[in-house]
Amino acid sequence: RARPPLTGKVVAALCVASFAVGLLLSGWMPLLSAPISSRVNKTSAPGCDDNRVSKGLAGERHDPKGIISEVSRTHHAIQSLDKAVSSLEMELAVERARSGDAGAGAAGSSKALQKAFVVIGINTAFSSKKRRDSLRETWVPSGRLEKEKGIVVRFVIGRSGTAEGGGAADRALDAEEAENKDFLRLDHVEGYHELSSKTRIYFATAVATWDADFYVKVDDDVHLNLGMLATRLAKYRARPRVYVGCMKSGPVLSQRGVKYHEPEYWKFGDVGNKYFRHATGQIYAVSKDLAAYISVNQPILHRFANEDVSVGAWLIGLEVEHVDDRSMCCATPPDCEWKKRAGNVCVASFDWSCSGVCRSVDRMKLIHDACGEDQAAVWGVAT
């Protein structure tokens, strides 16, 4: 099957990489050719001042500042080239993955992706319809925001394990989806202990569906201000690999039967050790390159017991900027309400004691009234 044509972005990256290689080579040629030319002139021209030439060569050999400067420039050029090649490889890998996801289409064609600024996936379950309705009544927007501002919001869910997705729960969700049209359905069997797998599949599906600058995962019992989220993320738009959230480093729990038990605790060192820094699972965002990395490498990304730890593990060994944004983990009123009155509107609010908003169905409207941003705030964000 013919490969899909390279996108304009990939062609531009190839041109930049080629230009950088040309500059690098042209910068080295004088260093390589100068001594040879001097020796040729010295042997072929008897009238030359041999002492002067020798002194000049000696001066070139013993000019440490010039050599250090040239080495420094070359080092920076190599670093820039490495980054360009790395970005190009990621672009090519994503194009291949998207081409494969497109299925048996016309030869040489690839799936057209919708451009977006941010894709927000709300992790939800079959039993959480009331939670979803509470979000639709508060901060989940209509389709107009998606079309005009590039802010995509979807409830993310797979299928039940009943009769290959044909059970009553699946049928009820199909009806809800037909009514609201705000779901992203995954090829995944739902289950509490499958959250790491679900997260991998979410990023892969989102990357294959939207060409966005950022991809966000949020739980369905968290209050979110979309305008503040977009404002925060817009600051990191020019940075290639960004991981944004409330960074934490909790203890690795080795005791069986306790909540958040980690069966592979021994991989993190001695008993009593803490996890590496990672964003808390209620809400976090990754830039396009990182979501693409997860998408391309999902078959070999290891899953730990806790989803937020798994995501942190996938990114800890990469050249990633970890952004600790505490406005993404405000407490519910009065905390987020006081901050709003002080002019510091929170991105997200929830209760640590419940790992989300306690009694979220009953309280989400109250929290939205107390801590929600002005309705026009999101429309003023430059996306």
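Leaving aside neighbours within four places in sequence, with which residues is Leu224 in contact? In this predicted model, local features require pLDDT of at least 70 and side-chain atom pairs pLDDT 80 or more, whereas totals for chains, interfaces and linings use all residues. Residues are numbered from 1 along each chain as its sequence is written, and side-chain values use heavy atoms, without hydrogens and water.

Leu224 is in contact (heavy atoms within 4.5 Å) with Ile120, Trp139, Leu229, Ile283, Val347 and Ala348, sequence neighbours within four places being excluded. A second, separate core of 28 residues includes Ala279, Val286, Tyr293 and Val311. A nonpolar core is here a set of buried Ala, Val, Leu, Ile, Met, Phe, Trp, Tyr and Cys residues joined through side-chain atoms within 4.5 Å; buried means under 20% relative accessible area (1.4 Å probe, protein chains only). The largest nonpolar core has 40 residues, of which Ile120, Trp139, Leu224 and Leu233 touch the most other members.

Strands (E, at least two residues) and helices (H or I, at least four) are DSSP runs numbered from the N terminus. An open sheet of 7 strands has the order β3-β2-β1-β4-β7-β6-β8, with mixed pairing; two strands pair if DSSP finds at least two bridges between them. The edge strands, β3 (183-189) and β8 (321-324), each pair on one side only. β1 and β4 are joined in the parallel sense over 9 bridges, and Lys115 stands opposite Asp211 in β4. Helix α8 packs on the sheet and touches β1, β2, β4, β6 and β7.

Terms used: Buried means under 20% relative accessible area, exposed over 50%, partly exposed in between (1.4 Å probe, protein chains only). Axes are lines fitted to C-alpha atoms, for helices over the stretch in contact, and angles run from 0 to 180 degrees between N-to-C directions.
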